[in-house]
Amino acid sequence: MADVLVFAEHIAGHFPKTTLVAVNAGIELAKKRGGGKCVAVIAGENLDGPAAELAKYGMTKVIALDDPKLAHYLADVYAQAMTALAKSLGVEYVLATATAMGKDLMPRVAARLNAPMASEIVSIGDDGTLVRPLYAGNALATVEMDGPLKVISVRATAFDSAKPGDSAAPVEKATPELDPAGLKMQFVSFNETKSDRPQLTEARIVVSGGRGLKSGENFKTVLEPLVDEMGAAMGASRAAVDAGFVPNDLQVGQTGKVVAPELYVAVGISGAIQHLAGMKDSKTIVAINKDEEAPIFNVADYGLVADLFKAVPEMVEALKKVKHS
Amino acid sequence: MKILVSVKRVPDPATTIRILPDGSGIATDNVKWVINPFDEIAIEEALRIKEKQGGGDVALLSIGQQPWQEQLRTGLAMGADRAILVRADQPLDSLAIARVMAKIVGDEKSDLVIVGKQAIDDDSNQVGQMLAEMLGWPQATFASKIEIVGTKCTVVREVDGGLETIAFDLPAVITTDLRLNEPRYASLPGIMKARKKELKEIPVDSLGVDLTPKLKIKTLAAPPKRQAGRKVGSVEELVGVLHSEAKVI
């Protein structure tokens with residue numbers, strides 16, 4: 001029987017879908033490993049409200065590491081706090097979603113625990129076997145880990161979110177065990193990409209633009225009307241980000257964000273392997289590209305060979321008609 | 001300043017991956033081998049830091065087999081000063097790699113370690129962070145900008161939702177993201193000079209590091225294939241099928 005400690009990332013007390021995925025995966029793992037406990041930990045300051053909110057999602061217990069020293073996420077202080085907690089709880093697994101924070105933190109936790117880590121798990125077998133993608137998702141590896149402690153990050157698109165229930169898990173407040181001599185990092189600032197649109201990782205529909213849009217201005221005047229008409233999140237290919245058309249956090253791909261919405265619309269994107277790695281698990285894929293040989297058409301359910309500068313505005317009008325019919 | 005950069009030999013990103021029938025690995029007969037793209041960015045950044053500081057030492061480190069010399073020579077041709085190849089024939093997990101690197105960093109007395117954020121074959125994104133913890137050093141992952149003044153380092157990181165800036169004193173471990181820089185090509189004079197630069201080989205067993213794998217790959221399989229789609233003739237048709245067939249709008 002194995003117990004699981006889930007790191008519940010929060011953004012100013014709010015739990016994104018990516019965190020609820022980790023909770024669900026943690027609960028599933030504990031169940032498949034003999035019915036152990038799934039404990040969720042939330043770290044930061046002023047956590048009473050958020051901890052109570054988290055407690056509704058079906059885990060065994062919530063622990064709130066509430067301390068001013070955890071006010072800003074930093075790898076070294078969070079790794080210290082997580083590892084001390086994991087050891088004192090005697091869990092076998094420490095788990096988080098493979099968000100930017102999860103990717104930054106969990107390997108440090110693993111090394112501190114002298115534990116192996118399996119990154120971006122996409123499934124948990126009935127006996128607890130884990131599967132993860134290699135080669136930009138072109139191979140799936142079944143992996144095994146040895147030792148009393150194991151660290152896992154889960155791919156957010158591969159698991160459902162935990163759902164809130166009627167009962168609430170007990171919440172325990174705890175002081176993080178920290179070693180000040182080991183804390184050497186300073187948070188300076190966070191430059192947020194402000195947007196009223198849904199998050200890429202949460203949206204039901206994602207509309208992405210590629211180099212075919214030719215400029216950042218075109219993203220605004222041509223693509224954004226389609227994005228907003230569909231109530232979608234906006235994404236981009238690496239080429240578009242590299243060219244400076246849009247900020248880096250819109251990049252969808254092997255080394256950017258991995259998304260799997262109900263509908264993914266790729267506009268002016270050729271479909272390099274590395275881009276496909278970030279979206280090929282979307283339920284329905286649409287591609288609009290003037291090059292009929294573009295590799296994106298190999299994964300698209302519906303492909304439209306057309307000049308995007310004509311087709312996209314046409315699509316905005318056609319969608320308006322559907323809405324009002 | 002002594003900068004250490006790790007270099008991994010990986011299949012060219014454009015390679016079509018073919019999984020062996022017994023699931024034990026990928027077919028390597030037609031693979032073109034290159035420096036992991038994120039490691040190239042790391043080499044480039046190290047060279048720029050050295051150039052900005054007007055001096056220093058940039059050493060490359062690979063942990064692998066004999067043929068990895070090819071990638072190290074490419075890095076030397078870009079302008080690195082010397083290279084170390086830790087000869088290891090057995091598969092090593094990220095923990096073991098980090099331990100080997102920590103030993104080398106200690107022997108070298110490096111001030112800064114720059115590694116690619118992930119290897120594009122394994123996609124684990126662990127070694128840099130593990131190394132930082134083992135050394136007790138600060139870590140700055142997914143770096144898109146690095147500024148060093150004396151021993152004070154400020155790094156802008158690509159994170160979810162925007163760009164985060166953190167600061168710390170060296171020594172530290174930094175992992176590179178795509179937009180940190182654009183790597184230079186090796187020049188012909190650079191390639192000529194590289195032949196004479198030091199490439200030291202060290203057998204991994206001589207380092208006294210625990211290499212026992214704790215993460216093991218049991219088998220590889222192909223991902224489920226998507227059903228083939230179709231082309232539509234017009235925007236009108238597209239919107240129609242999305243509404244009536246796919247039922248997503």
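Helices here are DSSP runs of H or I with at least four residues, strands are runs of E with at least two, and both are numbered from the N terminus. On that basis chain B has 6 helices and 13 strands, and chain A has 8 helices and 16 strands.

Some housekeeping. What you see is a predicted model, in which local features need pLDDT of at least 70 and side-chain atom pairs count only at pLDDT 80 or more, while totals for chains, interfaces and linings use all residues. Residues are numbered from 1 along each chain as its sequence is written, and chains are lettered from A and ligands numbered from 1 in the order in which they are written.

Chain A next. The radius of gyration is taken over C-alpha atoms, and the globule rule is 2.2 Å times the number of residues to the power 0.38. For 325 residues a compact globule would come out near 20 Å, and chain A has 21 Å, which agrees. Its C-alpha atoms fill a box of roughly 60 × 40 × 40 Å along the principal axes. For chain B, the C-alpha trace spans about 65 × 45 × 40 Å along its principal axes.

On burial, a residue is buried if 20 or more other C-beta atoms lie within 10 Å of its own, exposed if 12 or fewer, and partly exposed in between, with C-beta atoms placed from the backbone. In chain A, 58% of the 325 residues count as buried. In chain B, the buried part is 48% of 249 residues.

Contacts are defined by C-beta atoms, placed from the backbone, that lie within 7 Å. Taking contacts in chain A with a separation of 6 or more, 67% are between residues 24 or more positions apart. In chain B, of the contacts between residues at least 6 apart in sequence, 70% join residues at least 24 apart.

Now the interface. On chain B, 66 residues are in contact with 69 residues of chain A. Elements of chain B that give two or more residues to this side include α3 (94-108), β7 (139-149), β8 (152-159), β9 (162-169) and β13 (230-232). The largest share, 8 residues, comes from β9(B). By class, the chain B side has 32 nonpolar, 17 polar and 17 charged residues. In that count Ala, Val, Leu, Ile, Met, Phe, Trp, Tyr, Cys and Pro are nonpolar, Asp, Glu, Lys and Arg are charged, and the others, Gly among them, are polar.

There is also strand pairing across the chains; two strands pair if DSSP finds at least two bridges between them. Strand β16 (residues 302-305) of chain A pairs with β13(B) in the parallel sense, over 3 bridges. There, L304(A) stands opposite V232(B).

Within chain B, β7(B) and β8(B) are antiparallel over 6 bridges, and A143(B) has R157(B) in β8(B) as its bridge partner. Their hairpin has 2 residues between the strands, and G150(B) takes a positive phi near 65 degrees. β8(B) is also joined to β9(B), antiparallel, by 8 bridges, with V156(B) opposite T165(B). In this hairpin, again with 2 residues between the strands, G161(B) has a positive phi near 85 degrees. Of the 8 residues of β8(B), 6 are buried, so the strand is largely enclosed by the rest of the structure.

β11(B), residues 199-203, has 5 residues and the number buried is 0, so it lies largely in the open. It pairs in the parallel sense with β5(B), residues 82-87, over 5 bridges, and R87(B) has P203(B) as its bridge partner.

Then α3(B). Its 15 residues reach 21 Å from first C-alpha to last, close to the 21 Å expected at 1.5 Å a residue, where the expected span is 1.5 Å times one less than the number of residues. The helix is mostly covered, with 11 of its 15 residues buried, among them S94(B), R99(B) and M101(B). Just after α3(B), K109(B) takes a positive phi of about 60 degrees.

Last, the core. A nonpolar core is a set of buried Ala, Val, Leu, Ile, Met, Phe, Trp, Tyr and Cys residues joined through C-beta atoms within 7 Å. The largest has 204 residues, and those with the most contacts inside it are L5(A), V6(A), V41(A), L95(A), L60(B) and L131(B). α3(B) gives the largest share of this core, 9 residues.

Methods
Two residues are in contact if their C-beta atoms, placed from the backbone, lie within 7 Å.
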